[in-house]
Amino acid sequence: MTPKEVIALAKENGAKILDLRFMDFPGMWQHTSYPISMLDEDCFEDGFGFDGSSIRGWQAINESDMLLKPQADTAFMDPFREVPTLALICNIADPITRADYTRDPRNISRKSLAYLRKTGIADQVYIGPEAEFFVFDDVRYESRQNSAFYAVDSDEGAWNTGRTEPGGNSGYKLRYKEGYFPCPPSDTLMDLRTEMVLHMLEAGIDVECHHHEVATGGQCEIDMRFTDMVKMADQLVLYKYIVKNTARKYGKSATFMPKPLFADNGSGMHTHISLWKGDTPLFAGDGYAGLSQTALYAIGGILKHAAAICAFSNPSTNSYKRLVPGYEAPVNLAYSSRNRSAACRIPVYSASPKSKRVEFRCPDPSCNPYLTFSALLMAAIDGIQNKIDPGSPLDVNIYDLDPEEASKVAKTPGSLDEALLALNADHDFLLKGDVFTPDVIETWIEYKMKNEVDAVRLRPHPHEFVLYYDI
């Protein structure tokens, strides 16, 4: 879509407000709004000024002026605003040099794709994330110096079989770990997900399917068809926006927090990646599980740098309540065909070379997709460039291995601070092509350690009172 076509779209839909959106450093979508009269062809080049010092992890107050530069091909009409609103995703630029901002996550994603093309390895990288989420009917939480609690509730939660409900309790509650694919009335969220899907389709997102997920109490998944990396990151933030706002419309709350429930499945974001050169899928070949040598080297790079990738792909302290050994989450740094207990899985649903891809199963949807997809791509590139051998596949249920054998399989970090330490020790592969700059790595580690790791580990946990209060 060109600037002229964006202006025509606004007129066709009677838009009265222009909404500009961008991704902040930790991974929250931000926005600012203007009268639609501010939309003209020049604004796509001139940009809109804003205060970069008020955005987390960005500019100092003495160098706060920044520019939002709308990207015409991201335009869509916001389905949730009462007043017709045209939304555009923006790149961030310096107002003096006009250079792209190094800490703009979307810029990092664009640079990683440019670097891939510069290496000559491939022309395109396709990404397909499977983002899971919970929909709750009630959410309450509090954290003070002298108190802390949380409580989430869902009408379909297994804990509500004995609850007195208006009109009577139907009893159709989802048992723990039995939420995968049940029909209504047990699946109470089908119509809600369908409305989410319709909004996504109207916004230009190509959706493949939707369904209830394994956990009780409102766990869902909507799958998007793979597309190129930068576009997919744009789509994923729009996906989350649509999910949250559709849920809110019906008095519900959606969360992409990876582990909101104890003793049931958490929300992951299994991420499929493949490289192409022209019309040729580079991951298809005659090797293990129909993979090419290029694909195996890419897996080698991903497994070698997985701990550092986790600092971006699993970026919250809550992420490591999901990545726990002995449960379904893929903490084992191995690869296998069809095996969901390995960090890298090679799907075999189709024999077509075009479908050949690698699924990295560690990420969760709390991540900043621009940074996560970029880190994953840079690890794959490093594996291909340095011909990193991924070793032999592990075609067994890794959780069934005896302790001695299991101890030989490398594991993901056990906490956010471990992942950040891994990133601090292993990030040279991210600096290639000036994709991730040193200030990005340093700021990410510093921000996460100060605002999240320390904020959580310094606070008493409510369950510690259960364990220790009377000792």
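Hi everyone, let's start with strand β7, residues 124-136: 12 of its 13 residues are buried, so β7 is largely enclosed by the rest of the structure. Buried here means under 20% relative accessible area, with exposed over 50% and partly exposed in between, using a 1.4 Å probe and protein chains only. Strands are DSSP runs of E with at least two residues, helices are runs of H or I with at least four, and both are numbered from the N terminus.

A quick word on the model: it is predicted, so local features need pLDDT of at least 70 and side-chain atom pairs count only at pLDDT 80 or more, while totals for chains, interfaces and linings use all residues. Residues are numbered from 1 along each chain as its sequence is written, and side-chain values use heavy atoms, leaving out hydrogens and water.

Now, which strands does β7 pair with? Pairing requires at least two DSSP bridges between two strands. With β14 (residues 269-277), β7 pairs in the antiparallel sense over eight bridges, and there Y126 has S274 as its bridge partner. Antiparallel pairing with β12 (residues 227-228) runs over two bridges, with I127 opposite T227. For β11, residues 219-224, the antiparallel pairing has three bridges, and E132 is partnered by E221. Then comes β13, residues 253-255, again antiparallel with three bridges; F136 stands opposite S253.

The largest nonpolar core has 124 residues, and L39, Y239, L275 and F436 have the most contacts inside it. Helix α5, residues 229-249, gives the most to this core, with 12 residues. A nonpolar core is a set of buried Ala, Val, Leu, Ile, Met, Phe, Trp, Tyr and Cys residues joined through side-chain atoms within 4.5 Å.

What does L275 touch, leaving aside neighbours within four places in sequence? Its contacts include Q124 and V125, along with L116, I121, F283 and L377. Contact means heavy atoms within 4.5 Å.

Y150 sits in strand β9, residues 148-153, and counts as exposed because its relative accessibility is 53%. L467 belongs to helix α14, residues 462-468; at 44% relative accessibility, L467 counts as partly exposed. The C-alpha atoms of L467 and R106 are separated by 45 Å, and these two residues lie 361 apart along the chain.
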